[in-house]
Amino acid sequence: MRMQLERRSFLKGMALAGIGGMIRPGFAQGAVDDLTELRCEPLAKVRVGVIGVGMRGPGALQKYARLPGVEVVAVSDLIARRAERQRDWLKKKGYPEPKVYAGTEEAWKGLCDSSEVDLVHITTPWKLHAPMSLYAMRAGKHAVSEVPSAVTEDECWDLVETCAKTRRHCMMLENCCYGENELFALSLCRNGVLGTLFHGEAAYLHDLRKMQFDEEDKGGYQGKWRLKFNQEHDGNPYPTHGLGPVCQYMDINRGDRFDYLSSISSGEFGLTDYARTRFGKDSPEATAKYALGDMNTTVIRTVRGRTIMVQHDTSNARPYSRINLIQGTKGILCDYPLRVALEPNGHSWLKDDALAALKEKYTHPLWKKNGEAAKRSGGHGGMDYLLLLRLCYCLQKGLPLDISVYDTALWSSLVELTEKSARKRGASIDVPDFTKGIWKTAKPLGLVDVG
Ligand SMILES: NC(=O)c1ccc[n+]([C@@H]2O[C@H](COP(=O)([O-])OP(=O)(O)OC[C@H]3O[C@@H](n4cnc5c(N)ncnc54)[C@H](O)[C@@H]3O)[C@@H](O)[C@H]2O)c1
């Protein structure tokens with residue numbers, strides 16, 4: 001009898017997850033909990049600890065310091081002088097002095113364990129994001145990490161399960177969801193201007209050759225962590241900048257979900273070619289093997305029959321692009337540069353004045369109110385500021401966060417799933433349903449604002 005009941009609840013769990021929606025083994029039973037709506041106690045003051053203050057971290061730390069109702073109380077880095085430099089900056093600007101946890105591989109654990117910290121902000125190399133987020137949540141802290149939040153599917157499941165267990169927020173800091181053009185696109189989609197959405201295109205196309213080979217004290221990554229990752233892994237190691245906004249346009253995890261994907265990589269040419277020119281053809285850099293194919297192209301199909309193309313190339317000479325394309329039955333928006341075409345003249349892009357009028361009419365409320373301050377604050381045209389502004393606003397009000405732990409897990413899971421598919425000649429790979437069926441009832445993200 002017990003066996004029968006367990007089997008019944010297992011099957012119910014499977015039905016909730018949607019047929020074919022892969023779920024972690026042994027994770028189907030029990031009540032399904034909607035973490036999209038996770039609300040935590042409002043924080044009158046958000047006390048932030050920042051781990052990792054290399055090239056990216058200081059910008060976030062300094063933005064937090066300037067936000068109302070936010071205080072940077074702790075800073076950590078493997079390299080002590082980097083953490084101390086940020087402490088000194090805060091002191092010089094008249095902010096309270098933060099505690100420094102630095103100089104060893106595990107000093108950051110002290111920051112997570114501190115009772116003075118509410119929010120742990122992680123800006124370290126990719127492989128450390130998930131272990132640090134998990135530790136922070138288990139220590140009772142909200143955890144936000146740079147992109148991607150995890151590099152394996154297992155880590156993605158761990159983030160979801162730990163968020164559910166600890167009731168602490170876990171969010172990926174996908175700043176591109178707050179870009180001026182991405183918010184405009186979201187506003188067009190929410191207002192039905194593009195009709196029924198059925199295809200998106202996203203990318204991270206950015207020439208990072210020099211930074212990957214540079215030494216850490218000469219503008220490169222600490223210990224060349226990115227180059228090392230690219231020596232070991234194929235697929236798309238950095239899928240979320242273009243993908244996150246497209247998922248928000250399409251309400252992925254909130255009415256639709258990824259079903260399967262297929263990913264194909266070109267061969268590797270760019271890093272070797274660059275290394276030969278810069279270091280010589282017999283140098284260790286030029287003779288090393290790089291697993292990462294130059295151009296990785298992934299196509300995802302959703303259960304509602306929609307498609308998303310995602311590309312990655314950081315190894316070649318080319319202008320920057322995230323593509324940022326969304327196609328509906330009544331029109332299309334495509335970025336780099338921003339263009340829109342709409343019925344009844346869908347065959348040609350809107351002229352400058354018509355595009356300006358459309359932008360005026362459909363500017364996202366968050367951008368309308370805070371766009372100028374965001375631009376002044378710097379950081380990728382203002383998106384970095386809006387991301388942190390909105391995050392802290394939600395924490396202060398006890399609201400659910402815009403990027404749920406499901407989004408965090410799903411978008412990050414492509415790191416391993418694309419590699420698996422690319423290594424099998426583009427074989428079709430099922431994408432797990434990290435929501436366990438919640439996607440069917442979760443409400444779409446509205447046009448979010450800050451009061
Ligand atoms: N969202 C964006 O627009 C954006 C832009 C740039 C970088 N990033 C992401 O930010 C992250 C950091 O990138 P970066 O360019 O600053 O790299 P970086 O190498 O300059 O900085 C990483 C920092 O982490 C520190 N660190 C390493 N191990 C540590 C440990 N055990 N404890 C504490 N600190 C440790 C390093 O010493 C270094 O200072 C990456 O995930 C990157 O992809 C995101």
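## Starting with strand pairs

Two strands count as paired if DSSP finds at least two bridges between them. With that in mind, we can begin with one such pair in this predicted model. Strand β2 is joined to strand β3 (residues 99–102) by four bridges, and the two run parallel. Within this pair, A74 stands opposite K99 in β3. On the way from β2 to β3, the chain passes through helix α3 (residues 80–92), and this β-α-β crossover is right-handed.

Now let us step back to the whole chain. The domain assignment gives domain 1 (35–175) and domain 2 (177–440). Between the C-alpha centres of domain 1 and domain 2 there are 23 Å. The contact takes 41 residues from domain 1 and 43 residues from domain 2.

On the side of domain 1 that touches domain 2, four elements each supply at least two residues: α2 (57–66), β5 (142–145), α6 (153–166) and β6 (170–172). Helix α6 gives the largest share of that side, with five residues. Sorted by class, the side of domain 1 that touches domain 2 has 26 nonpolar, nine polar and six charged residues.

## Around the ligand

Next comes the ligand. Which residues come nearest to the ligand, of the 25 around it? They are G52, G54, R56, E146 and Q222. Strand β2 (70–77) and helix α5 (126–138) are the elements that give two or more residues to the shell around the ligand.

Both domains take part in the shell: domain 1 (35–175) and domain 2 (177–440) each provide at least three residues. The classes in the shell around the ligand are 11 nonpolar, nine polar and five charged residues.

## The eight-stranded sheet

Another feature to look for is an open sheet of eight strands. Their order is β13-β12-β11-β7-β10-β9-β8-β14, and the pairing is mixed. The edge strands are β13 (339–342) and β14, each of which pairs on one side only.

For L261, the bridge partner in β9 is I300. Strand β8 is then joined by two bridges to strand β14 (residues 429–430), and this pair runs antiparallel. There, Y260 has D430 in β14 as its bridge partner. As a general point, side chains in a regular strand alternate between the two faces of the sheet.

Why is helix α7 described as largely enclosed by the rest of the structure? Because 10 of its 11 residues are buried. The buried residues in α7 are E180, N181, E182, L183, F184, A185, L186, S187, L188 and C189.

Just after α7, G192 takes a positive phi of about 75 degrees.

## Two residues to look up

Leaving aside neighbours within four places in sequence, S149 is in contact with H129, A130, S133, L159, M172, T408 and S412. S149 and L173 are 24 residues apart in sequence, and their C-alpha atoms are 8.3 Å apart in space.

The other residue is W439, which sits in the segment after β14. W439 counts as buried because it has 27 C-beta neighbours inside 10 Å. Not counting residues up to four places away in sequence, W439 touches N253, R254, G255, D256, R257 and D433. The C-alpha atoms of W439 and D251 are separated by 9.0 Å, while the two residues are 188 residues apart along the chain.

Conventions:
Residues numbered from 1 in each chain as written. Predicted model: local features only at pLDDT ≥ 70, side-chain atom pairs only at ≥ 80, totals over all residues. Near = placed C-beta within 6 Å. Nonpolar A, V, L, I, M, F, W, Y, C, P; charged D, E, K, R; others polar. Domains from an automatic or database assignment. Buried ≥ 20, exposed ≤ 12 C-beta atoms within 10 Å, placed from the backbone. Contact = placed C-beta atoms within 7 Å. Right-handed = clockwise from strand over helix to strand, strands pointing away.
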